[in-house]
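Please examine the sequence and the three-dimensional structure shown below.

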Amino acid sequence: MKTIKNLSILAVALVVTFAVGCKKDDDTPTPSTGGGGTPPQEEEVITTLILTFVDTAGVQPNVQYAFRDPDGDGGNAPTQHDTIRLAANTYYNASVQLLNEAESPAEDITLEVQNEDDEHLFCYAPSNTNVSIARTDSDGTYEVGITSFWSTGAIANGETTVTLKHQPGVKDGTCAPGDTDIEVTFQTEIQ
Amino acid sequence: MHFAKLVFVWLLVHMVVGGYSQNNCNYTLKGKIIDEHDKSALEYATLYIKELEIGAVSDIRGNYKITGLCKGTFTVVVKHVGCSPITESVSISKNTIHNFYPEHHSEELIEFSIQEEGYKEERTVAKKELSAKEMNQSRGKSLGESLKSITGVNTLNTGNSISKPVIHGLHSDRVLVLNNGIRQEGQQWGNEHAPEIDPYIADKLSVIKGADGIRYGANAIAGVVLVEPANLRDSAGVNGALNFGGASNGRLGVTSAILNGNVGKLNGLSWRLQGTLKRLGNVRTPDYYLKNTALKEYNFSWALGYNKERFGVEVFYSQFNTDIGIFSAAHIGNLTDLQRAIEADEPLESAEFTYEINRPFQHIEHELFKAKAYLKTWDIGQLDFVYARQYNLREEYDKHLPRNDSIAALNLPELQFEITTHIGEVAWKQNRNHAFNTQIGVSTIQQANTLEGRDFIPAFVKYSTGAYLIEKWRSKNLKFELETGVRYDYIFQEVYKWNNWIREYETYTYTYNNVSGSVGAIYKPTSEFSARVNFGMAWRPPNVSELFADGLHHGAAAVEYGDTNLVAERAYNTIAAIDFEHNKFLFQLEGYYNRINNFIYLRPTLPATLTIKGAFPTFNYSQVEAALTGFDFSTKYEFAKNVTWTGKTSFLWAYNLTENDWLVGMPANRFKNSLAYKFADLPKLKEPYIALGVESVFEQKLVPNNSDYVDPPSAYNLMTLGVGFSIPTYKKQQLVVDFGINNLLNTVYRDYLNRFRYYADELGRNYTINLKLTF
């Protein structure tokens, strides 16, 4: 009787184990396909930040300045890191564009930031530049900063740091909370 | 004809057996006197052989020895304070180990086992093992944390739930973990990858080095961690244990059950079922909760064995599954974020208690299947055949979902590894009846790794083959022993690395082959004193992470580059130890000098790497000459009856000889002192004790300048209190109860070997309870 009981416990154990057990890795590594057959990919890559400046008076020509690191973080050094050059005593409407140029065609990350504008905030920190910068767009409650208004003063030489904060659930209109997705410092010349 | 065959076999067997059973009077009977209930060693128990009117007294570890016995059957009487005397009949036909299990209440028959081998295995580097009591007190903790009670073992932690064993300053690929005799093959290279093993499987946890470590592979530069389940039942019946553990901090609940059986009618068929469920919520430092530090785990295993006198087979299967929340505030975007986190007194993300696990988290599965068969080769040895398959799945979920909604909706891990390993082994071990003892074996491993998601560690296949020979010798008077082992391994590895520029996979091929070895000696002039010395050589090939790391390591806020031209690391380790025990005093000192050629480490390099997230410090995997010198020291002294003081000390100096500087990331020096008081037994309360412990950890000052974002944390003292007893329930059954309070004074501290020390304090006061019901 006891033996039968023991054996039945065993049988149940084996059945349960084989029912849930022996997991398999379906992928076989090969020289041509690597691991999973698809190239590894980074979902969150931003390779490029472009700032476009439009003179509100229409006098100065439109200008674009960029930071570009086509292979993403690490690896090769960034290929483009412009100096922002703006005319003195001028009002500019500025806009930011973010791209993932590791994809082909390039993916416009700005649209994704726009879709989640309640979780994102661009911060602009000028130093020694005689520039004041104000964000001009809103997610309904707080500013976003994809578009901004730059007013330049006298001739100066300094820096501007552009930061994109990811603030899911913690956005309060300031730059403090959240994680940093982008932080690029541009040399800035007002001339 | 048939009958003639039988007679022939019978004659043959008798000739072989007879050859070894000459009638001399030089046999030794030795073993341990062990408490039937908690399996602790009983000191000062007396043994008496009625027929010969001779006897012995067990030492502080419960060992006894009687020499000069002739062949025959003897009546042995064992007495110990508080136990009824037990009488057993023991047959001596060779050197015999026989353990006695006296009981505090004596209605039951005494079970005993006689080991076939004639002599207790000694090692030229002492095996360090958790005692039965330490095992019970550590229940509920992870494997890494459990091992911390062993002198010289620390842990490398990522938060509170991921901890890796660090032996004499070395960890990850330099420590081999043997799970039920099989080398654990997961993603061991990673600092945040803990061994995927349920500690409740283990009946014993220990660390070994020296010749026996050679058996398991080349890369045990630091040592081998053995996770050993109990043997399957060898007599008819069913027994088991039910464990429950709880802790106030994080409201931990863990329950584990084990059931062993032996089917009497099918003589020799035995089985085991085991399972564990664990749930932990957000844990708390003295001042705040840590966000997203919950954990859940479910594990099970079964084993089936069929053991006959001459042969046996055993099948084992286990599964380990866990979800581990990663402390959210430790996820940072760039250096500016890190600087803010370091400067903040409290984590920038506050939290309440919850059992919920959110992103970022890891999901890990590990599966082990093992089949083992053995065949006794007459009276001289045993041949083992082992096959094992392991499958390891590791999924890492980032803090944030992808911005793209349709991809985010899939909720896939951002990184996934799958590694499958097949191991085959054939080994032969000679019975230890003579001065010499030989072990010889070959093993082969086939491994494949694949990944999906972010490009981090490339896919690879790896084949390795090894062969070893271990030889031991001991003098006739047992005062002197030598052991030596040699091993050769050949490794072939092919790596498929994605090249983002040409958008194709590139193949890298590596072959390694080398010899590892060990030679050691033990000298035991008296039963109270022993001296050991061991010299070992070990090597390990660079791992894929060291070869191919390429880019930003988010967890470390650093850009790390591998080097595809790294060569194998090679260690020359000299260990010397003395053990002394006299009456109520025990003294163990072990010193080591581990010289490592081509030691692989992350070297900071200039300039910083500029990314769209700002500039990050850059590190390159480099090779230097390293020397790790240190000692472990433990003492035990019984002041007065029932009052025992235990002291444990570990010191380490880890030096980079190439750059004339200290090595980064080494454990700080520490002392551990504890005082235990054993109360007298009551009829319903056995072995009550109370113990107070203080662990003093120094500030790690032996670090290179400017090697870290913050200086190593200050020194700290931690107090623990433990209270326990056991309650006899029914017949042989009992309930073992251990209460504990960790961090008794609610001390605020940070530990140098916790990777989250930048962000948060360690856990505050924690009340724990462990119940174990054996039946």
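The paragraphs that follow describe the two chains and the contacts between them.

This is a predicted model, in which local features need pLDDT of at least 70 and side-chain atom pairs count only at pLDDT 80 or more, while totals for chains, interfaces and linings use all residues. Residues are numbered from 1 along each chain as its sequence is written, and chains are lettered from A and ligands numbered from 1 in the order in which they are written.

For the complex, the predictor reports an ipTM of 0.84 and a pTM of 0.83. The mean pLDDT (the predictor's confidence in each residue, from 0 to 100) of chain B is 87, and 93% of its residues score at least 70. Within chain B, confidence is highest in strand 34 (residues 643–656), at a mean of 96, and lowest in strand 8 (residues 114–115), at 36. Helices (H or I, at least four residues) and strands (E, at least two) are DSSP runs, numbered from the N terminus. Residues 6–23 of chain B have a pLDDT below 50, and this stretch makes seven contacts in the model beyond near neighbours in sequence; two residues are in contact if their C-beta atoms, placed from the backbone, lie within 7 Å. Residues 105–119 of chain B also have a pLDDT below 50, with 30 contacts beyond near neighbours in sequence.

Chain A has 191 residues, of which 32% count as buried. A residue is buried if 20 or more other C-beta atoms lie within 10 Å of its own, exposed if 12 or fewer, and partly exposed in between, with C-beta atoms placed from the backbone. Chain A contains two helices and eleven strands, arranged along the sequence as α-β-β-β-β-β-β-α-β-β-β-β-β. Of the contacts in chain A between residues at least 6 apart in sequence, 60% join residues at least 24 apart.

Chain B is assigned domain 1 (22–115) and domain 2 (128–774), the bounds coming from an automatic or database domain assignment. The C-alpha centres of these two domains of chain B are 36 Å apart. In strand 24 (residues 436–453) of chain B lies B:I445, which is buried because 20 other C-beta atoms lie within 10 Å. Leaving out residues up to four places away in sequence, B:I445 touches B:T421, B:I423 and B:S464.

In soluble globular proteins, nonpolar side chains tend to be buried together. A nonpolar core is here a set of buried Ala, Val, Leu, Ile, Met, Phe, Trp, Tyr and Cys residues joined through C-beta atoms within 7 Å. The largest such core has 77 residues, and B:L178, B:V224, B:V225 and B:V227 have the most contacts inside it. Beyond its neighbours within four places in sequence, B:V225 is in contact with residues including B:L147, B:P165 and B:V207. Another core, of 31 residues, lies apart from it and includes A:F67, A:V131, A:L164 and A:I182.

Between the chains, 46 residues of chain A are in contact with 54 residues of chain B. Helix 1 (2–20), helix 2 (109–115) and strand 11 of chain A each supply at least two residues of the side that touches chain B. In helix 5 (residues 335–343) of chain B, B:D337, B:L338 and B:A341 are buried. Seen down the axis of helix 5 of chain B, these buried residues fall within an arc of 100° and so line one face of the helix, the arc being that of the directions from the helix axis to the C-beta atoms. They pack against strand 11 (179–190) of chain A.
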